[in-house]
Amino acid sequence: MRSHCTVLALAAVTLFGQTGLVTAQQPVTIRAGTLIDGKGSVQRNAAIAIDGSRITKVGNGAAETVTYDLSRFTVLPGLIDSHVHIGAHFGKDGRASNAGETPADAALAAAANAYAMLMAGFTTVQSIGAPIDVPVREAIARGQIAGPRLLTSVHQLTDTRLTPDEVRQFVRESVADGADVIKIFASKSIREGGGQTLSDAQIAAACGEAKALGKRIWVHAHAASAVRASALSGCTAVAHGSQITDAEADLMAAHGTYFEPNIGLVSQNYIENRPRYLGIGNYDEAGFKFTEDGIPLKLSMFKMAIRHKDLKIIMGTDAVAGAHGHNAREAVYRVQAGGQAAMDAITAVTALNAGALGLGDRIGALAPGMEADLIAVDGDPLSDITALQRVVFVMKGGTVYRNVAGR
Ligand SMILES: [Zn+2]
């Protein structure tokens, strides 16, 4: 930390030395009325010390002089969504097809989604994923646009005709194109029934190659058979899993497979925005029927899944056009409709997600040495989970992006 500050100070001297504008970045202290650390602990009247982009101390806040007094609020780690589509948006005609749009339109829409999610308290998201994510990721990292720390799959494997060798080639190309994570579709869309599409051999080839290259891999799978093959192949995470039973939940738990059900936002968002989607691809009447019927099925699947205490249930929304910035609805729905304990939902959207993204030592918890990614919400999400939708303060990497706590 110290040497990092020295480098910054030297850079500042180099830039501003002649004009005397050197101002060393001062350490920041935040007082939290309630602090939820992301790993299941709660503390009252806490103080968090931050130096540069990192947390240096979490302690008792009573006697401290503070930079930001958030004593009326609950402070928690910046939220993490393991599954968004950051470029997905409604075009000029209001439709999800984005007809007649320029690359600049698409880039601005992605930037708007990034901003909406950051303002909603999401300081890291994983996009599953498209080529446009790469320049968006870099622009956010450089501080040119305000958005969550972004990880992306860049591509998605959907072609079921590939040989195992060609599947491995896809994985290598994704990595060469800058992918942080690999994405494959092992089953049909829920709008087409969700049946398994990739063979077990293709799934094994993809997950084996990703692992060999040190990359994580997300598998889109509704069918139980596809989920089973994914767990047995050592894939990192299964998204959706709408048709799983106790047997697949047990299998994923046994293999340490992260499970990412998407039950509270994506289907509801399609239905709320039905006219904007209807008539595009498989968004037809039959597709919407599958979507509507899927909501209660996914809810009962989730109620089954949370009974498996050793299953690592992470929080991804699968946010598409219309959903960015509403990501916390997933957590609210899990608690209110799914009966999940609020602390478990909060851990899923913080520390557990950080682990699934391979960033467990950097984000997802409030502790010394972690990135200063933290938010404040109005209310106590442990007793009222909707507090996660009332974000009043957002800090990412030590920089404050939102502060309406004084209003
Ligand atoms: Zn998706």
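I took buried to mean under 20% relative accessible area, exposed over 50%, and partly exposed in between. The model I worked from is predicted.

**Entry 1: Arg-149 and Glu-371**
I looked up Arg-149 and found 17% relative accessibility, so Arg-149 counts as buried. Glu-371 is buried as well, at 8%. The two side chains form a salt bridge, 3.5 Å from N to O. I placed Arg-149 in strand 7 (residues 149–152) and Glu-371 in the loop between helix 12 (342–356) and strand 12 (374–377), so the pair ties together parts 222 residues apart in sequence. I then noted a salt-bridge network that links Arg-54, Arg-149, Arg-362, Glu-371 and Asp-373.

**Entry 2: other salt bridges**
My count came to 18 salt bridges. One of them joins Asp-105 to Lys-92, with the closest N and O atoms 3.1 Å apart. Asp-105 lies in helix 2 (residues 103–119) and Lys-92 in the loop between strand 5 (79–84) and helix 2, so parts 13 residues apart in sequence are tied together. Asp-105 is partly exposed at 23%, whereas Lys-92 is exposed at 66%.
I also checked Arg-274 with Glu-292, where the closest N and O atoms are 3.2 Å apart. This pair links helix 9 (residues 274–277) to helix 10 (residues 285–305). Arg-274 is partly exposed at 24%, and Glu-292 is partly exposed at 35%.

I traced an open sheet of four strands in the order 8-9-10-11, with parallel pairing. Its edge strands are strand 8 (181–185) and strand 11 (258–260). Neighbouring strands are turned by 20 degrees against each other on average, direction ignored. Five bridges join strand 8 to strand 9 (residues 216–221). I found Lys-183 opposite Trp-218 in strand 9.

Notes
Residues numbered from 1 in each chain as written. Predicted model: local features only at pLDDT ≥ 70, side-chain atom pairs only at ≥ 80, totals over all residues. Heavy atoms only, no water. Pairing = 2+ DSSP bridges. Helix = DSSP H or I, 4+ residues; strand = E, 2+ residues; numbered from the N terminus. Axes fitted to C-alpha atoms, helices over the stretch in contact; angles between N-to-C directions. Salt bridge = Lys/Arg side-chain N within 4 Å of Asp/Glu carboxyl O. Buried < 20%, exposed > 50% of the residue type's maximum accessible area, 1.4 Å probe, protein only.
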